[in-house]
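Welcome! Here is a short tour for someone meeting this structure for the first time. Take a look at the sequence and the model, then read on.

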Amino acid sequence: MNFSEVFKQSNQLCKVSPDGKYLATCVQYRLVIRDVNTLQILNLYTCLDQISHMEWSSDSLFILCAMYKRGLVQVWSLEQPDWHCKIDEGSIGLVSSRWSPDGRHILNTTEFHLRITVWSLCTKAVSYIKYPKACQKGLDFSRDGCYMALAERRDCKDYVSIFVCDDWHLLRHFETETQDLSGLEWSPNGCVLAVWESCLEYKMLLYSLDGRLLSTYSAYEWSLGIKSVSWSPSSQFLAIGSFDEKVRILNHITWKKIAQFEHPAIIDNTKTVYKEIEKRPAVSSDEMSLHDITVASSLFSTQSKYDISPLPVQIPVVKPDPDRANPKIGVSALAFSSDSRYIATKNGGFQVHSLNWHCSGDSLILIGKDQLCLCYMDADQNNQ
């Protein structure tokens with residue numbers, strides 16, 4: 001396993017383009033585009049304020065930067081660096097912004113989730129969708145880009161509406177068997193919609209495109225439930241991460257559990273365990289003024305290296321604060337490789353904020369609080 005040098009980033013904003021050629025990172029109000037192979041800077045864009053959210057278009061030709069505090073969205077073009085687009089939501093505010101699958105429409109969610117505004121970059125037309133629910137993941141598109149599933153809250157009940165993305169007309173509308181719907185996600189083949197409850201209850205529901213309930217899965221009761229969900233690219237497996245620090249894999253035929261992975265405090269059965277060691281270069285102060293020391297310290301950032309730890313390895317246990325909401329326990333991130341052979345999981349309050357596989361399936365991007373690095377899988381040695 002090899003690692004690149006460390007690059008700066010803000011708000012964990014780091015994403016590989018869908019075609020796998022570019023790596024975009026945000027540093028305050030600047031957007032940096034790098035070549036994935038050489039990691040050299042190709043383009044540098046300056047936004048009007050600090051970037052809160054960044055997202056690639058499906059064809060990797062455009063990139064969206066949202067500034068929620070100012071209710072602004074800026075769109076940049078990689079083919080035409082001089083072209084850009086600005087969307088101002090005005091006094092109604094902005095809490096979320098994302099691309100449609102065709103890469104030519106932008107969906108903005110206003111404050112208090114009053115509505116979703118659909119902006120067209122081609123025709124400049126505007127459409128509005130009412131009653132979106134404020135939840136963890138209340139909107140998702142099918143992989144083929146034909147349909148959009150939206151979680152809604154009406155009359156104290158949860159509903160799911162399915163829209164056709166060509167003209168944004170309503171195709172299906174049905175009530176879900178949930179008390180407080182927390183999220184939904186399409187399977188990659190677009191045949192099944194996974195819907196899950198809030199963390200107060202472990203409950204996963206599988207719906208067909210026409211709104212039929214296919215199956216319900218619950219691993220346990222009377223405890224904090226589902227924290228993360230991810231489909232495999234083949235649509236054959238559904239991974240569910242929960243607050244009990246376990247990952248359960250469901251199959252697509254019977255929707256029963258076929259595998260379970262845990263995050264033990266002591267690791268003794270893994271081939272290779274890497275431990276990050278941080279070090280800061282020493283700055284001599286014998287012949288340097290206070291100003292020189294300050295400048296020199298800013299030039300040298302903390303460096304990291306990864307050593308192989310002998311087994312068994314004791315993992316530090318973080319004890320959550322029972323008086324605070326959203327405890328840092330449980331599996332909070334899941335990511336399948338492109339060939340569905342590997343799954344990366346993140347448990348507890350570790351410094352890795354998110355996991356992203358490269359489209360080739362041979363490298364994993366780890367995003368921390370202020371840094372990112374690339375991990376390359378060694379297929380010959382089958383390192384983990």
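Two strands are said to pair if DSSP finds at least two bridges between them. Helices (H or I, at least four residues) and strands (E, at least two) are DSSP runs, numbered from the N terminus. With that in hand, look at strand 25, where Lys257 is the bridge partner of Leu250.

This is a predicted model: local features need pLDDT of at least 70, side-chain atom pairs count only at pLDDT 80 or more, and totals for chains, interfaces and linings use all residues. Residues are numbered from 1 along each chain as its sequence is written, and side-chain values use heavy atoms, with hydrogens and water left out.

- Four strands make up an open sheet with antiparallel pairing, in the order 22-23-24-25.
- Strand 22 (226-231) and strand 25 are the edge strands, each pairing on one side only.
- From one strand to the next, the twist averages 20 degrees; axes here are lines fitted to C-alpha atoms, for helices over the stretch in contact, and angles run from 0 to 180 degrees between N-to-C directions.
- Strand 23 (residues 237-242) pairs with strand 24 in the antiparallel sense over five bridges. Across from Phe237 stands Asn251 in strand 24, and across from Ile240 stands Arg248 in strand 24.
- The hairpin of strand 23 and strand 24 has three residues between the strands, and Glu245 takes a positive phi near 65 degrees there.
- Strand 24 also pairs with strand 25 (residues 257-262), again antiparallel and over five bridges.
- Five residues lie between the strands in the hairpin of strand 24 and strand 25, where Trp255 has a positive phi near 60 degrees.
- How many of the six residues of strand 24 (residues 246-251) are buried? Five are, so this strand is largely enclosed by the rest of the structure. Buried means under 20% relative accessible area, exposed over 50%, and partly exposed in between (1.4 Å probe, protein chains only).

**Nonpolar cores**

- A nonpolar core is a set of buried Ala, Val, Leu, Ile, Met, Phe, Trp, Tyr and Cys residues joined through side-chain atoms within 4.5 Å.
- The largest one has 16 residues, and Leu31, Ile33, Met54 and Ile63 have the most contacts inside it.
- Two or more residues of this core come from each of strand 3 (22-27), strand 4 (30-35), strand 6 (53-56), strand 7 (62-67) and strand 8 (72-77). Strand 7 gives the largest share, three residues.
- Leaving aside neighbours within four places in sequence, Leu31 is in contact (heavy atoms within 4.5 Å) with residues including Ala24, Tyr45, Met54, Ile63 and Trp76.
- A second, separate core has 15 residues, among them Met204, Leu206, Tyr220 and Leu250.

**Cysteines**

- A disulfide is a pair of cysteine sulfur atoms within 2.5 Å, and by this rule the count is zero.
- Cys146 is in no disulfide: the nearest cysteine sulfur, that of Cys165, is 7.4 Å away.
- Is Cys85 buried or exposed? Its relative accessibility is 17%, so Cys85 counts as buried, whereas Cys146, at 34%, counts as partly exposed.

**A loop residue, Arg70**

- Arg70 sits in the loop between strand 7 and strand 8, and at 44% relative accessibility Arg70 counts as partly exposed.
- Beyond its neighbours within four places in sequence, Arg70 is in contact with Leu48, Asp49 and Asp88.
- Arg70 and Leu94 are 24 residues apart along the chain, and their C-alpha atoms are separated by 7.9 Å.
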